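Q: I'd like a close look at one part of this protein, the aromatic side chains and what surrounds them. Could you walk me through it?

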Amino acid sequence: MKHKNNVKCIVAMAVIMIISLCACSSDKDNVWTTEVSSTLYSQQDISGAIDVVKSDFKQNNSGFTLKKLYYAGDETSQSYQEWADRNKADEVLVLLSTFHTDSNGGSDKSFEPDTEYTDWNWILVRNDGGKWKIVDQGY
């Protein structure tokens with residue numbers, strides 16, 4: 001009887017692990033994203049913003065490694081409404097990221113070399129469900 005309970009426990013743990021891993025995803029760039037529920041934006045809206053940041057990061061941060069990128073949540077995005085207003089936009093969305101700098105700290109050496117940055121935010125705005133545009137980033 002004890003053996004059957006152990007098997008059930010192992011199976012239950014495996015199912016929980018699989019479900020947990022499904023909530024996160026990794027793409028070909030090895031950037032981990034986590035789906036966060038939102039009443040403001042669809043997953044397609046959030047994914048569109050993530051794609052904009054990934055593209056910008058790749059173009060402007062040569063040698064750096066973007067590790068994680070995810071939606072900061074409705075409450076955080078709503079607290080940045082002034083960014084939409086000052087950029088004459090209707091919507092604002094905030095993403096958080098984790099990235100690692102190269103041994104130079106970037107081409108302009110503005111970052112600490114070989115350092116992991118966490119909770120680096122990206123502020124994006126758009127009008128009428130259009131394309132997201134990055135208007136600021138940092139802490």
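To begin with, how many aromatic pairs does a search of the whole structure find?

A: Happy to take you through it. The search of the whole structure finds 14 aromatic pairs. Do keep in mind that this is a predicted model.

One of those pairs is Phe99 with Phe111, an edge-to-face arrangement with 5.8 Å centre to centre and 80° between the planes. This pair links distant parts of the chain: Phe99 belongs to strand β4, while Phe111 lies in the loop between β4 and β5, twelve residues apart. Phe99 has a relative accessible area of 2%, so it counts as buried. Phe111 is at 17%, and because the cut-off for buried is under 20%, Phe111 is buried too.

With Tyr117 it forms another edge-to-face pair, 5.3 Å centre to centre and with 90° between the planes. Both Phe111 and Tyr117 are buried. Stepping back, Phe99, Phe111 and Tyr117 are among the members of one aromatic cluster, which also includes Phe57, Phe64, Trp120, Trp122 and Tyr139.

Now for the strands around these rings. Strand β5 covers residues 116-126, and eight of its eleven residues are buried. On one side, β5 is joined antiparallel to β4 (residues 91-100) by nine bridges; one example is Leu93, whose bridge partner in β5 is Leu124. β5 also runs antiparallel to β6 (residues 133-138), with five bridges between them, and here Ile123 stands opposite Asp136 of β6. β5 and β6 make a hairpin with six residues between them, and in the turn Asp128 has a positive phi of about 50°.

The cluster member Phe57 brings in helix α2, where it is buried along with Asp45, Ile46, Ala49, Ile50, Val52, Val53 and Lys54. The buried residues of α2 pack against β2 (32-34), β3 (65-71), β4, β5 and β6. The helix itself, residues 43-60, has 18 residues and reaches 26 Å from its first C-alpha to its last, close to the 26 Å expected.

One more ring deserves a mention: Trp83 has the charged end of Arg86 sitting over it, 4.1 Å from the ring centre.

Finally, a word on confidence. The protein has a mean pLDDT of 86, with 80% of its residues at 70 or more. Residues 11-27 are below 50, and beyond near neighbours in sequence that stretch has twelve contacts in the model. Where pLDDT is low, the predicted coordinates should not be read in detail.

Key: Residues are numbered from 1 along each chain as its sequence is written. Side-chain values use heavy atoms; hydrogens and water are left out. pLDDT is the predictor's confidence in each residue, from 0 to 100. Contact means heavy atoms within 4.5 Å. Buried means under 20% relative accessible area, exposed over 50%, partly exposed in between (1.4 Å probe, protein chains only). Helices (H or I, at least four residues) and strands (E, at least two) are DSSP runs, numbered from the N terminus. Two strands pair if DSSP finds at least two bridges between them. The expected span of a helix is 1.5 Å times one less than its number of residues. Rings of Phe, Tyr and Trp (its six-membered ring) pair if their centres lie within 6.5 Å; planes under 30 degrees apart count as stacked, over 60 as edge-to-face and the rest as tilted. A charge sits over a ring if NZ of Lys or CZ of Arg is within 6 Å of the ring centre and within 35 degrees of the ring normal.
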